[in-house]
Amino acid sequence: MRFTRNSRILSVAAVAVFALSACGGGGGSTDEAATSGNTDAVIVVDGSEPQNPLIPTSTNEVGGGAVLDLIFAGLVSYDADGKVQNEVAESIETEDAQNYTITLKEGMTFTNGDPVTASSFVDAWNYGAAAKNAQLSSYFFESIEGYAEASAEGSTVTEMSGLKVVDDKTFTVALSQPESDWPQRLGYSAFYPLPADALKDPKAFGENPVGNGPYKFAAEGAWKHNEQIELVPNEDYEGPQEPKNGGITFKIYQNDTTAYQDLISDNLDVLKTIPTSDIKNFKNDLGERSIESPYAGNQTIAVPYYLKNWDGEAGKLRRQALSMAINRDEITEVIFNGGREPAKEFTAPVLPGFEEDLPGSENLEYNPEKAKELWAEAEKLEPYDASEPLTIGYNADKGDHKTWVEALVNSVKNTLGIEITGKPYATFKEARTEATEQTLTGAIRSGWQADYPSLYNFLGPIYATGAGSNDSVYTNEEFDKALKEGLAAESVEEGNKAMNEAQETLLEDLPAIPLWYQVAQGGWSNNVDNVEFGWNGVPLYHAITGK
């Protein structure tokens with residue numbers, strides 16, 4: 001990819017935030033994977049039931065996202081280190097960081113034989129942005145000129161003015177302001193292309209999607225709901241993620257403990273998250289077939305502003321009190337066996353630009369006396385309505401969250417003396433649906449796995465006004481303004497500084513309570529080789545081979 005500004009030509013990798021270290025795996029590099037191992041083996045991996053039909057702009061959770069990232073290819077993709085590499089794009093050019101010309105490679109097709117054209121991207125992005133389509137990832141297009149008109153509530157505008165098709169292989173993008181890091185976002189699933197038929201009946205398409213990536217559905221109906229999703233290699237794919245195996249089958253588990261037992265019995269090939277109850281033993285159980293490495297992810301608790309007791313000035317004081325009543329050090333050491341790092345802010349330490357000592361970070365420190373004082377101040381402003389006690393929602397099917405939620409609940413209860421309980425949801429899909437529909441009756445386990453390596457990705461899509469993953473329904477003009485200024489910065493370094501300044505507002509308001517930074521703790525069976533986890537904690541599925 002080329003990125004030009006002020007008549008200088010720079011590689012995007014030189015200006016984007018990509019100084020991430022690789023998360024090493026078991027069998028060596030992906031290059032080695034190309035020449036070793038059984039390349040016909042079908043790899044069985046753990047998965048979760050997607051929340052929605054598999055439309056790229058309607059998927060913002062990991063169950064569906066993992067599948068989309070294998071069956072679609074975007075303009076760019078990210079290697080194991082998080083560095084940008086061209087995928088469908090031949091070039092992405094600009095002279096002012098505001099107006100971009102994108103040229104596609106020749107010969108790219110969808111798995112139904114349709115060519116991948118400029119319209120495949122432009123039409124998909126316009127569909128994602130239009131208010132009438134109510135897509136969860138609409139916010140990712142907010143930088144494009146005309147997004148405000150297309151996304152406004154009740155709008156009948158279906159096309160953003162900033163997108164223009166020049167010819168089959170070329171389109172232009174005009175942003176509403178210069179944004180030097182905009183090209184680095186284009187590997188995220190919201191920016192994937194769609195074949196023309198997809199938009200005729202999106203719901204039906206989402207059940208049997210047709211993509212242009214390294215894999216495709218094994219057959220119509222390959223998504224057996226709540227059981228598995230079968231993918232096979234796309235024989236026409238040519239790119240950096242060429243499959244080194246005979247297919248990927250996502251086996252959908254109702255809980256991670258069952259998945260772990262299948263792993264150690266060699267009935268599951270790859271498990272990306274070790275259950276909390278097995279963290280102390282998984283290295284002994286798996287030996288060299290395990291990984292423990294930081295990645296770009298975090299864990300939080302989102303507290304919606306539409307909940308009684310948690311809005312206004314009194315609500316802000318209670319949020320700060322709640323945060324200070326959580327003993328993160330004890331929970332990460334005792335529950336996670338030291339396999340998590342207590343959060344100091346809202347992003348992740350592996351990202352360039354990360355700063356842990358931001359003003360307001362003291363609100364994330366365990367301080368029971370101060371927590372009691374803040375709660376008492378809130379009581380003077382507006383008495384707490386105990387008829388609506390706080391619950392912490394979590395999904396019971398994946399991640400084994402019950403243990404740490406109960407520890408957190410006890411920490412808060414012992415400090416503040418309030419009624420607080422955990423609230424299990426049967427499935428991740430059920431929990432996400434209530435969050436999306438804004439019908440939560442309490443707080444909810446939240447968090448973020450990076451879409452692309454950037455501080456902004458942990459802030460804008462989650463906390464900006466109207467963002468699709470804004471579970472707290474938070475809005476703050478000062479924060480929104482700081483984000484916009486950060487995106488318009490002359491350099492990534494200046495942008496990171498502005499993003500950290502924006503975090504100061506978050507650290508005061510606490511629309512969500514940061515808990516800890518995530519660590520990739522996973523494992524694989526005796527049946528596979530060449531397992532590597534990437535910068536975002538996700539296995540590089542295409543590189544895995546059988547033995």
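Predicted model: local features only at pLDDT ≥ 70, side-chain atom pairs only at ≥ 80, totals over all residues.
**Exercise 1.** Determine which parts of the chain are tied together by the salt bridge between Asp-385 and Lys-308.

*Solution.* The two side chains meet at 2.7 Å, N to O. Asp-385 belongs to the loop between helix 11 and strand 17 (390-395), whereas Lys-308 belongs to the loop between strand 15 (290-302) and helix 9 (312-324), so the pair ties together parts that lie 77 residues apart in sequence. Lys-308, at 45% relative accessibility, counts as partly exposed.

**Exercise 2.** Describe the surroundings of Phe-121, beginning with the helix in which Phe-121 lies and continuing with its contacts beyond four places in sequence.

*Solution.* Phe-121 is placed in helix 4, which spans residues 118-129. Its relative accessibility is 0%, and therefore Phe-121 counts as buried. Once neighbours within four places in sequence are set aside, the residues in contact with Phe-121 include Leu-75, Val-88, Phe-171 and Tyr-192.

**Exercise 3.** Locate Glu-356 in the chain and name the kind of surface patch to which Glu-356 contributes.

*Solution.* Glu-356 lies in the loop that runs between strand 16 (341-342) and helix 11 (368-381), and is partly exposed at a relative accessible area of 35%. Together with Glu-341, Glu-355, Asp-357, Glu-362 and Glu-365, Glu-356 forms a negative surface patch.

Conventions. Residues numbered from 1 in each chain as written. Heavy atoms only, no water. Patch = residues over 30% accessible without salt bridge, like charges linked within 9 Å, V, L, I, M, F, W, Y side chains within 5 Å. Areas by Shrake-Rupley, 256 points an atom, 1.4 Å probe, with all protein chains shown as cover. Salt bridge = Lys/Arg side-chain N within 4 Å of Asp/Glu carboxyl O. Lys, Arg positive; Asp, Glu negative; His and termini not counted. Charge placed at Lys NZ, Arg CZ, Asp CG, Glu CD. Helix = DSSP H or I, 4+ residues; strand = E, 2+ residues; numbered from the N terminus. Buried < 20%, exposed > 50% of the residue type's maximum accessible area, 1.4 Å probe, protein only. Contact = heavy atoms within 4.5 Å.
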